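Let's take a walk through this structure together. Have the sequence and the 3D view at hand as you read.

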Amino acid sequence: MTSVAPVVWREPVQDAWVDYNGHLSEAYYVLVLGHATDAVMEAVGLGPDYRATEDASLYTVEAHVRYLEEVPAGSELEVRSSVIGVAPKLLWIWHELRVEGRLRATEEVLGVHVVGGSSAPLPEDVRARARELCVDAPAEASGRIRPVARP
């Protein structure tokens, strides 16, 4: 596959998101990564207008978060997102959350397209846009929980 620029989402850490250790609380990693998923949805044609007119959306059916490094209070977050797989009803997304250019977390998301409460094929134009954004899955995708080696 060719090199494709990732979809980028940015937002600052909010004070309410900081835990008793002075770092971004684990639940808020998922919140921010969810916002990044919304940005990918917009990029492929599943944004707010589509959802409102078609009674359709992308539902997360599986996700795997890796917390690699702490995120301090006051940080500016950047999530770089890529599509790593497309199937008739499914979109497979890879997120990399960074602070000051350093990788802090990743999330792999498998979403199913739902219309009126039931799974349904993605519209062909959405699949085409998703395929255009598709990159090879990183080696860490589809992994299992395992210890991370630290230098």
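Predicted model: local features only at pLDDT ≥ 70, side-chain atom pairs only at ≥ 80, totals over all residues.

How do you find empty space in a protein? Rolling a probe the size of a water molecule over the atoms shows where empty space is left. Here, one cavity of 30 Å³ or more turns up, and the largest cavity holds about 40 Å³ of space. If you want to find that spot, look for His-64, Arg-66, Trp-94, Thr-106, Glu-108, Glu-140 and Gly-143, which line the largest cavity. Strands S2 (56-67) and S5 (102-115) each give at least two residues to this lining.

Now for the rings. A pair of aromatic rings is described by the distance of the centres and the angle of the planes. Searching the whole structure gives two such aromatic pairs. In one of them, Trp-17 and Tyr-28 are stacked, with 5.5 Å from centre to centre and 10° between the planes. Trp-17 sits in the loop between strand S1 (7-12) and helix H1 (26-44), while Tyr-28 belongs to helix H1, so this pair ties together parts 11 residues apart in sequence. Trp-17 is buried, at 9% relative accessible area, whereas Tyr-28 is partly exposed, at 27%.

Tyr-29 and Tyr-67 make an edge-to-face pair, because their planes stand at 85°, with the ring centres 4.9 Å apart. This pair links distant parts of the chain, 38 residues apart: Tyr-29 is in helix H1 and Tyr-67 in strand S2. Tyr-29 counts as buried at 5% relative accessibility, but Tyr-67 is partly exposed, with a relative accessible area of 36%.

Definitions and conventions:
Residues numbered from 1 in each chain as written. Heavy atoms only, no water. 1 Å grid on protein atoms, 1.4 Å probe; cavity = no way out; pocket = protein on both sides within 12 Å on 5 of 7 lines; lining within 4 Å. Points joined across faces, edges and corners; volume = space filled by probe spheres on them. Helix = DSSP H or I, 4+ residues; strand = E, 2+ residues; numbered from the N terminus. Phe/Tyr/Trp six-rings, centres within 6.5 Å; stacked < 30°, edge-to-face > 60°. Buried < 20%, exposed > 50% of the residue type's maximum accessible area, 1.4 Å probe, protein only.
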